[in-house]
Amino acid sequence: MDKRTEFESRMARHLDELKWLYCELYPEDGFSYLRGRLKARYQERRTSLKSLDLAREADPDWYKRNDMVGMMMYTDAFAGNLEGVQKHLDYLEECGVNYLHLMPLLDSPEGKSDGGYAVADFTKVREDLGTMEDLSRLADTCHKKGISICLDFVMNHTSEEHSWARRARAGEQEFEDRYFFFDSFEIPGKYEKTCPQVFPTTAPGNFTWLEDRKKYVMTTFYPYQWDLNYRNPMVFHDMVDNLLNLTNQGVDIIRIDAVPYIWKELGTSCRNLPQVHSIVRMMRMICEIVCPGVLLLGEVVMEPAKVAPYFGTVEKPECHMLYNVTTMATTWHTIATGDASLLKRQMDIVNSLPKDYVFLNYLRCHDDIGWGLDYDWLEPRGFREVPHKKYLNDFLTGCYPGSFAKGELYNADPASGDARLCGTTASLCGLEKAFEEGDVQAEEQAVRCIQMLHGYMLVQSGIPVIYSGDEIGQFNDNRYREDSRKAEDSRYLHRGSFRWDLEKLRKKEGSFQQKIFDAVRKMEKIRAEHPVFLSQAAVWTAETYENAVLCVNRAYGDEKLTALFNFGRNEHTAWISEEGQYRDLITGEVMGAESVRLPGYGMRWLLRQENISE
Ligand code: GLC
């Protein structure tokens, strides 16, 4: 197929629908301009990436395999800069990572960066991290090693220092029209009535007063993050162009940041509006035309019923992958309560979704844990929302008597009593406290808890994503409080630098770093070897007659796995009445599974042995 027809034939495949959706939002005359931009970006795309596109088009399930292991990290925290990441790729390979999410690394003003989510220039890498060429080079090296790179695309807003924002501020109408400007609080006041707040304490309100312009500008997140107005076709055109510039550097996965927020409508919550789906669907088609090897990962931090629509439909797909966010939050509820009933229910909900849906499973990420739990289910069982959130926060910040956790509150709102939570996996599981107190038994318990949580993450279908540092049990980093640019934002508690000094200890037999690292790696390998972990496998939970213990079954082909996880700190028995012989894939033990005793935070990955003769 010659190059011209390749682009044209892909365009022809999507043209009707793309144009239709475009014309629903924008005047038709802009469409040919957009088409021109797509073609230019296609022509600029390097041959190696085009070959990758073809290979992935021929194998569209390439990211659905059971050997996928993700890791997310801040470039500077991990290795100083992009060159540093390149130098440490061997470590990532040792971790088994083949999906690498580099947190925002584009130009962003120091002190007003929201961890890089306030982008001042979409075409430039932050100077201290390197250049676009470094990014391309890293992507090329990663591709040779079979590693895909994920990058954020912060499309809801720009930094107030972005050239569009500066020009808007200087009074250029054309650029003002790219944002939401208001002369008085009349309309903003109406928005405030229906539009909830993202950062009620650290950045209250959805608008910011610009004293110099005597105008309000819409700022859903921090006051220095100005919301883009996607009603303006130029915003859409230029942001698509920015997106394709990133994919042309070799970025494989685009994480569409804060996607539910990108369309605003007076009188609504300004979340998940139908136009958001039209835009995401257009982005999907655009990628399939220009760079079909690229995947879209939607960041939708909401309950499952709101997340799933971002996959689109079979005929009209939107995102390839989404975060399994409610499961993540429910996991920490389960640690704090020692009761796995809600987690069982949550897994049943996720397991009832089509198997084509690929979820990213994770324990921790760069953000806080928000308590978006299923309160309709919890309340009749005695867990009222406000006191229960308070309990979770008390437990996980270590205030609750007997708690082992060391977390911190995030955006605590005294008015509503609401708060979210920060901390690394290890600190929330009690490792930091045990280590400080020199309590060997508590340390062992914390290590088991961390291993068990990773075992639980790896038993779910989808892509497991490790938060860099968790694989060696890294603690919270309290130093952010001494930095005035970060002190207000407790998410920096778990955004500390990777501890290369401690990483060395993973080679020391008996260190907790070694126990955690080796256990996680071992489970990843088992996961990759056994077809029962394929996303096409049947997955269902089973009753254990013990609230602390979760039972997850998987079956595929000849293989059947019964995985057990004790979320309680005491020993418990899972009464699962499974007949026959089982082999624990982790320890190698062969055993019956009618009743299985598990130590506190213990787990088993039991594979059914069909032909075993004792
Ligand atoms: C996403 C990011 C978060 C950021 C927000 C605003 O939710 O994960 O860190 O604050 O978007 O861009």
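Author: A search of the whole structure finds eight cavities of 30 Å³ or more. The model is predicted, so local features need pLDDT of at least 70 and side-chain atom pairs count only at pLDDT 80 or more, while totals for chains, interfaces and linings use all residues. Residues are numbered from 1 along each chain as its sequence is written, and side-chain values use heavy atoms, with hydrogens and water left out.

Reader: What makes a space a cavity, and what makes it a pocket?

Author: Both are sets of points on a 1 Å grid over the protein atoms alone. In a cavity a 1.4 Å probe fits but cannot get out; a pocket is an open set with protein on both sides within 12 Å along at least five of seven lines. Rolling a probe the size of a water molecule over the atoms shows where empty space is left.

Reader: How do you know the volume of the largest cavity, and which residues lie nearest its centre?

Author: A volume is the space filled by probe spheres set on the grid points, which are joined across faces, edges and corners. For the largest cavity this gives about 240 Å³. Lining residues have an atom within 4 Å of a point. The largest cavity has 18 of them, with Val350, Asn351, Tyr357, Phe359 and Ser461 nearest its centre. Helix H15 (341-351) and strand E14 (358-362) each supply at least two residues of this lining. Such helices (H or I, at least four residues) and strands (E, at least two) are DSSP runs, numbered from the N terminus.

Reader: What makes a lining residue nonpolar, polar or charged?

Author: Ala, Val, Leu, Ile, Met, Phe, Trp, Tyr, Cys and Pro count as nonpolar, Asp, Glu, Lys and Arg as charged, and the others, Gly among them, as polar. By that rule the lining of the largest cavity has nine nonpolar, eight polar and one charged residues. The second largest cavity, of about 60 Å³, has a lining of eight nonpolar, three polar and one charged. Its lining includes Met302, Tyr323 and Phe359.

Reader: How is the lining of the second largest pocket divided?

Author: That lining has eight nonpolar, nine polar and 17 charged residues. The second largest pocket holds about 810 Å³ of space. Of its 34 lining residues, Ser113, Gly115, Asp483, Lys486 and Tyr492 lie nearest its centre.

Reader: Why are E8 and E9 said to pair?

Author: Two strands pair if DSSP finds at least two bridges between them. Strands E8 (residues 207-210) and E9 (residues 215-218) have four bridges, in the antiparallel sense, so they meet the rule. Phe207 has Met218 in E9 as its bridge partner. Two bridges join E7 to E9, so that pair also qualifies.
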